[in-house]
Structures are given as C-alpha cells and as structure tokens.
Amino acid sequence: MNKHSIISLIAIIVIIIPITYSVSNVIGVQQLEYKWDNPGEFSFFTMLNGGEMEFCNTIPFWINLQKFEVSAFYQSEHLGSFTVNPTTIYPYSSTVEEGVFKSEGMSEAQHIFMTFDFEFNGGNIRLDPNQFIITINTDTPILGIIPYSSTTQISGFEFDKMMNSEDLTCN
C-alpha cells in the first residue's frame, strides 16, 4: 500500500468510529429496558423518596446515557421528576443507578402518589387514572456534542406495571 492509501484508510476509520458510536447510542436509547431495582416493590410514593432503577442494554454496543428523567403529571400539572445521573451501560448487560425525585409541590405529589398507589393495588378509585400521565425523557449525545432526546408518554398504570416487572432481557 502506498502512503496516501494508508492515510485515507486511517481517516475513514477515524470518521466511521464516532458515527457508529453515535448511531449505537440513538438505537440503544430506543431499545433500553428499565425497571425498579426491587421487583414488585415499586410504588410512586417510594419513587418520590428516591431509589434505584435497573437499566438493561439489549444491543451489542455501549450506551452513553446522559440523562434519564421520569416526569409525573396529573391533570396536566407537573408533580415532579425522578432523575438518574449520567451512566454508561455495557453491551448486553444491566446496571443499577440511583435517582432523585424533585418537586416544587412535594406535599401535593405525596398525596396524589399515595392515592394512585392505593388505586393501582386494587383500592377504590378516587382520582381519575386516565389523567395521570408519565413522560420518560432520555438524552444521549451524537458525536459527543449534539444532544439527542427521546420522549415517551405512557399512563401511570402502565408505568407502575413496567416498574414492578420481574425480569429484563439482560437477566
């Protein structure tokens, strides 16, 4: 090989590696599985006091998760957000990360969360569960500098079932 071919090959490799890593982050965030660390013990009231979530990377590449945020809304009013710090998840593995819940109306969030915990465990319906919405926002960088965000909206009941699931693909 001549000198120019070697330089061209190295340049191509230097360009392809970051792009591949970025694409794997975007795909990985979309395929990411998660649940509460203690199966069957999730409650919104527990989440309000902080806790740990387990994340499962189902693809053969590393995922660089810059932000994972669960926001709770009732009747379009923001009750607060549970946020997990940045983390890297290895291929086909899981990791447990601690999160923190923050709210400007903590006592209102406590009351609403306890009511929905009671309802989702078979109690009487006092608040309309159709108006309890959870948004899950994940952020990951593209090429290390361009933010990519993915937002999913589900009902509080679906989120409760997801957090209380027993197993992830990685287990």
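Reader: Let me just pick a residue. Is Thr151 buried or exposed?
Author: Keep in mind that this is a predicted model. Thr151 has 55% relative accessibility, so Thr151 counts as exposed.

Reader: Where is Thr151 found?
Author: Thr151 is part of strand β9.

Reader: And what does Thr151 touch, skipping residues up to four places away in sequence?
Author: Thr135, Ile136 and Asn137. With Asn137 there is also a polar contact, side chain to side chain, at 3.2 Å.

Reader: How far is Thr151 from Glu104, C-alpha to C-alpha?
Author: They are separated by 22 Å, and along the chain they are 47 residues apart.

Reader: OK, zooming out. What order do the strands of the open sheet have?
Author: The sheet has seven strands, in the order β1-β2-β7-β5-β4-β8-β9, and the pairing is antiparallel. At the edges sit β1 (33-36) and β9 (146-155), and each of these pairs on one side only. From one strand to the next, the twist averages 25 degrees.

Reader: How many bridges join β4 to β5?
Author: Seven, between residues 67-74 of β4 and residues 77-84 of β5, with the two strands antiparallel.

Reader: Which strands does helix α3 lie across?
Author: Helix α3, residues 106-120, lies across β4, β5, β7 (94-102) and β8 (132-142). Relative to β5, α3 runs at about 85 degrees.

Reader: What about α4, which strands does that helix lie across?
Author: For α4, residues 156-163, the strands are β1, β2 (51-56), β4, β8 and β9. Helix α4 runs at about 105 degrees to β9.

Reader: Now the inside. Which residues have the most contacts within the largest nonpolar core?
Author: Met47, Phe132 and Phe159, in a core of 34 residues. Helix α3 gives the largest share of that core, with five residues.

Reader: Switching to charges. How many salt bridges does the structure hold?
Author: Two. In one of them, the side chains of Lys35 and Glu54 meet at 3.1 Å, N to O. Lys35 lies in β1 and Glu54 in β2, so this pair ties together parts that are 19 residues apart in sequence.

Reader: Are Lys35 and Glu54 buried or exposed?
Author: Both are buried.

Reader: Which side chains meet in the 3.8 Å salt bridge?
Author: Those of Glu69 and Lys67. Glu69 counts as buried because its relative accessibility is 17%. Lys67 counts as partly exposed, because its value is 29%.

Reader: One last residue. Why does Asn64 count as buried?
Author: Because its relative accessibility is 15%, and the cut-off for buried is under 20%. Asn64 lies in strand β3, residues 63-65.

Reader: What joins the side chains of Asn64 and Gln66?
Author: A polar contact of 3.0 Å. Leaving aside neighbours within four places in sequence, Asn64 is also in contact with Tyr21, Asn25, Thr87, Thr88, Asp139, Thr140 and Pro141.

Conventions. Residues are numbered from 1 along each chain as its sequence is written. This is a predicted model: local features need pLDDT of at least 70, side-chain atom pairs count only at pLDDT 80 or more; totals for chains, interfaces and linings use all residues. Side-chain values use heavy atoms; hydrogens and water are left out. Two strands pair if DSSP finds at least two bridges between them. Helices (H or I, at least four residues) and strands (E, at least two) are DSSP runs, numbered from the N terminus. Axes are lines fitted to C-alpha atoms, for helices over the stretch in contact, and angles run from 0 to 180 degrees between N-to-C directions. Contact means heavy atoms within 4.5 Å. A nonpolar core is a set of buried Ala, Val, Leu, Ile, Met, Phe, Trp, Tyr and Cys residues joined through side-chain atoms within 4.5 Å. Buried means under 20% relative accessible area, exposed over 50%, partly exposed in between (1.4 Å probe, protein chains only). A salt bridge is a side-chain nitrogen of Lys or Arg within 4 Å of a carboxyl oxygen of Asp or Glu. A polar contact is a pair of N or O atoms within 3.5 Å; within protein, one must be able to donate a hydrogen and the other to accept it, and residues adjacent in sequence count only if both atoms are side-chain atoms.
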